[in-house]
Structures are given as structure tokens and as C-alpha cells.
Amino acid sequence: MFLYNLPLNLDESQMLAQGITFSYDPLVYRSVDPTTSGPINTYLLTLFGSFGFRLDFHLAHILSWLLSVLPILYLHKTLKLLISNHIAQLATLPVIVFFSFIQNADLVHYYSEGIAILFLCVCTYLLARWTVKQTISLSELIVFGVFNSLIVLCKIQALPLAFVLGVWSLVLIYFFQKANWVKYVSTVSGVIILVWGGWLCYMQANGVLNDFILYYIKANAQFKIYFSENTSFLHDFIRFPATVRKVGMEFNYYIYPFIGLGLVFFVKTFPKQAFVKMLKQDHFFWLMVLGYFIAAVAVIVRTGSYYTHHFLFFILPMCLLTGRFLHQLGHQSPWRWLLLLTQLVFIGNGIKYIRNGSPINNYSTEFSNQNEMSAVGKAILKYASPKDYLVVWGWSCEYHVETQMPQGVNENHSPRTAIKHPLQAVYYQRYLRDIQRSKPKIFVDAVTNRTFWMNDPKRYGHQNYPELAKFITDYYALKQEIDGIKIYVAH
């Protein structure tokens with residue numbers, strides 16, 4: 001996967017394009033709108049770019065692997081604090097197998113939840129550490145406050161999860177530092193206020209605070225209204241198990257054995273009232289984990305889009321609860337073999353691929369190297385250099401990655417500007433301001449019948465938007481058309 005140099009997911013190209021753009025103008029919402037992904041995901045890419053790494057799909061896939069491994073390490077450390085090392089190893093095994101064998105592009109690309117999940121795992125580890133030691137150091141509290149604050153700048157949807165952990169830190173302070181409760185609460189609150197206050201002051205000083213509030217908070221809060229079915233939250237929450245079955249894909253290989261183990265645990269412990277007893281153990285730590293699980297369901301339901309990578313928010317509570325189930329049932333319980341189902345399903349799929357003559361690896365490295373530069377990318381570089389601005393109308397951010405050209409507009413993919421929704425006019429006016437400001441060397445109309453969401457050129461082609469069409473007509477000339485993709489070059 002590391003050597004595969006093609007996009008696995010549209011979001012991957014989007015964030016790489018943003019990282020390239022930050023190398024020229026690092027001010028978010030002046031140069032880049034990261035949409036639902038927070039700016040930290042993009043700044044990480046830019047950081048590697050500043051060290052001389054080329055911002056391409058090789059780098060994205062390596063970082064994706066790292067952002068999958070590091071949370072597992074913290075989950076294992078957390079479980080070791082609360083249960084035996086042997087059970088902690090068993091509980092993390094399905095997660096390791098899951099990330100080792102999944103090939104669903106939605107789950108292995110550089111996903112925007114990655115850093116948020118890592119920070120959530122770090123915070124949960126600190127909570128478990130305080131629970132076991134029954135004491136809290138100010139230095140650890142400061143670290144917790146910083147990571148908890150930054151989670152929302154990684155992924156806006158992770159706010160409720162960060163809130164659950166933040167509230168629980170206050171509960172633990174009450175348990176273990178009651179005499180110094182005001183001092184410790186003031187410390188963690190002060191850190192959060194300092195981090196967010198500093199960020200908001202930075203936004204205000206650069207004149208983009210209103211944009212941050214509008215596009216990151218208000219617009220994303222209305223995301224479900226934009227592009228999802230208009231059903232009630234309660235309706236979607238109740239139907240969530242059916243949704244998981246329908247869209248979970250390879251994630252179901254992990255969640256079904258977890259559900260099976262959970263049902264066995266519930267049946268065998270509930271009549272003995274051990275379930276309530278378990279929730280009270282470790283100063284109600286497992287009640288917090290259960291609350292986190294419910295919050296994760298609410299987060300995914302609230303988005304309404306049900307992208308498979310959103311389900312990765314379940315990795316933390318599922319891994320921890322698996323450890324708790326095994327500990328309660330006993331490590332010699334025959335039901336522990338349910339954990340092997342995840343491995344067996346992947347092995348079965350591998351055997352099926354071999355019998356059908358299909359490749360075990362869906363991502364051919366040789367193929368990706370042969371197609372490193374598309375015909376469109378080569379055509380763009382005939383008329384421009386990598387330092388010139390590029391604007392792509394549609395959703396084809398991979399052209400930024402191929403050419404290493406920065407984006408000339410905040411929204412490097414155009415659905416929010418092109419598709420009707422309550423804030424479309426606001427997005428469209430910003431798009432016009434951006435393109436008039438940057439005066440990109442190249443404008444590409446990439447709307448074809450293959451374009452995600454905007455798959456009707458007669459409806460979504462740039463010519464349907466009068467002010468944009470006039471700007472392109474006045475300042476650009478059509479130089480080339482490749483498979484319906486039109487390349488315009490500035491006069």
C-alpha cells in the first residue's frame with residue numbers, strides 16, 4: 001500500500017491539494033477551506049512537505065498507516081492499566097487484524113478522522129491512568145487539555161466525543177483531587193481556553209474569524225441538510241444497526257464478532273446483576289466508555305452521509321469493551337474464540353480471491369507507477385509550472401497532486417458551490433472572489449458523467465453559472481479537451 005501512488009479516496013486528493021496550497025499560503029480560510037476535516041490534518045502534510053517530502057499518495061498512505069498503528073498502541077496501553085496484559089493483547093488482536101487486511105479504500109486512505117482518533121486515544125489513556133493511580137498530576141492535566149482542545153481542529157464531528165472525555169476528566173478530578181478541585185478544574189479549563197483563545201485570536205488577527213465560524217462550524221452543522229435524506233435524528237438513531245449492516249462493508253468483519261461477544265457477555269452477566277457492577281468498576285470508567293460509544297453513534301447519525309470511514313470512531317470503545325467483556329467472562333471462556341471470526345473472514349476472502357484467480361492485493365503497485373501522471377495532468381503542465389495556481393471545477397483534486405500546483409480557490413472541489421443548498425450563494429460568491437484574487441494560470445472544467453455528485457455536465461458545467469462563465473470567457477482560452485475534461489489557459 002505504501003508504494004501505491006494513486007488516490008484511494010477523493011478525500012485523500014482533497015487534503016493533499018490543501019497541503020500543497022498551504023506551502024504557498026498557510027492561512028486557512030484565505031487559501032484553503034478544509035470542509036469537515038479540520039486544518040490539523042492538512043498542516044501535518046504541509047509539515048512533511050517543509051521537510052522536503054513530496055506531497056503525493058505515497059506519503060499519504062504511509063501517514064494513514066501510522067495513524068492506524070498509533071491509536072492501537074495507546075488502546076493496548078490503556079487496557080493494560082485496567083485488565084491483565086494477556087487479555088489486553090487478545091482484545092487488541094481483532095483491531096490489528098482489521099487494519100492489516102482491510103482493502104476498502106474508505107478505510108485505508110489518509111482519512112480525516114485519523115489524527116482525531118489518535119488524540120482521543122491519548123486522552124482516554126490519561127483518564128485510565130488517573131483512574132488506576134487515583135491521582136492526577138498537573139502536567140498530565142495540561143497535556144490532556146491540549147490534546148482534548150485540538151481534537152475539534154482535526155474533525156468537527158469529533159466534538160461530542162471530546163466533550164465526553166472532557167466532562168469525565170472533571171468527574172475524576174472530583175473523585176481524586178476533591179480538595180484541589182477548583183485549582184485542577186481551572187487548570188484544564190484554562191488550557192482549553194488558552195488553546196482555543198489563541199486559535200480564535202489568530203483567526204481574528206488575519207481577518208478570517210468570521211469565515212472560520214461560518215464555514216467550519218455553521219456550514220458543517222448543516223451538512224446533513226445539504227446532501228442527505230431529510231429524516232429525523234431519532235429515526236436515524238433507531239435504524240442505525242440496519243445502517244451499519246448496509247454500509248459497514250469490511251468494518252462489519254470486526255463489528256459482528258464484537259456484537260456476538262457483547263451479547264454473550266450481557267446474557268451471562270445481566271441475570272447476576274454483574275452488568276451494573278461492571279459499570280461501577282474502576283470509578284465508573286466503563287460507564288464513560290459506554291457513553292462514548294453512544295456518542296459515536298450520535299456523531300455518525302448526525303452527519304447523515306454514512307461514509308464508511310466515519311465508523312472508525314468505534315475503534316476506541318469497541319476495543320476497550322472487548323477487553324472488559326473478556327475479563328468479565330474469564331480468559332478461559334470458550335466464547336473468547338469469537339475474536340477469531342475477524343481473522344477467519346479475511347482468510348476466507350483471501351482463499352476466495354485465489355480460487356477465482358483474482359489478485360489478493362486490490363492495489364497494484366506496478367499499475368499505479370505506470371499511471372503516475374494522467375493525460376490531463378500532463379496537458380496542464382504543458383501550459384503552466386508547478387508554482388502557478390490551478391482551479392478545478394468539479395471534484396478532481398488529484399490534478400493538484402499530479403502537477404503539485406496550489407489551488408486558486410478555497411474549495412478545491414465544487415459541490416458546495418455548485419449544488420443547491422441553504423448556503424450555496426455564500427459559497428459561490430466566495431468562489432468568485434477567490435478566483436478573481438488568485439487569477440489562476442489554469443482553469444479546468446472536470447465535470448463529466450463520472451464526476452462524484454456533479455455527474456451531469458449539462459447541469460453542473462461551469463457555463464451554467466453566469467458570473468463564473470463570464471470570467472472564464474473574458475480571461476481564458478480553451479486549449480484542450482480530454483475525455484470531456486476542458487483545460488482553459490489564461491490569456
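Reader: Which residues of helix 1 meet which residues of helix 3?
Author: In this predicted model, E12, S13 and L16 of helix 1 meet F57, A60 and H61 of helix 3, where contact means heavy atoms within 4.5 Å. Helices here are DSSP runs of H or I with at least four residues, numbered from the N terminus.

Reader: How many of those contact residues are nonpolar, polar and charged?
Author: The contact of helix 1 with helix 3 divides into 3 nonpolar, 2 polar and 1 charged. Ala, Val, Leu, Ile, Met, Phe, Trp, Tyr, Cys and Pro count as nonpolar, Asp, Glu, Lys and Arg as charged, and the others, Gly among them, as polar.

Reader: At what angle do the two helices cross?
Author: The axes of helix 1 (residues 10-22) and helix 3 (residues 57-82) cross at roughly 110 degrees and come within 11 Å, the axes being lines fitted to C-alpha atoms over the stretch in contact, with angles from 0 to 180 degrees between N-to-C directions. The two helices are therefore roughly perpendicular to each other, a label for angles of 65 to 115 degrees.

Reader: What should I know about the numbering and the cut-offs?
Author: Residues are numbered from 1 along each chain as its sequence is written. Local features need pLDDT of at least 70, side-chain atom pairs count only at pLDDT 80 or more, totals for chains, interfaces and linings use all residues, and side-chain values use heavy atoms, with hydrogens and water left out.

Reader: Switching topic, how many aromatic pairs are there?
Author: A search of the whole structure finds 36 aromatic pairs, meaning rings of Phe, Tyr and Trp (its six-membered ring) with centres within 6.5 Å. W130 and F144 form a tilted pair, 5.5 Å centre to centre with 55 degrees between the planes; planes under 30 degrees apart would be stacked, over 60 edge-to-face, and the rest are tilted.

Reader: And where do W130 and F144 lie in the chain?
Author: W130 is in helix 6 (residues 114-133) and F144 in helix 7 (residues 138-150), 14 residues apart.

Reader: Is F144 buried or exposed?
Author: F144 counts as buried because its relative accessibility is 0%, and buried means under 20% relative accessible area, exposed over 50% and partly exposed in between, with a 1.4 Å probe and protein chains only.

Reader: Which ring does the charged end of R430 sit over?
Author: The charged end of R430 sits over the ring of Y215, 3.8 Å from its centre; this requires NZ of Lys or CZ of Arg within 6 Å of the ring centre and within 35 degrees of the ring normal.

Terms used: Parallel < 35°, antiparallel > 145°, perpendicular 65-115°, else oblique.
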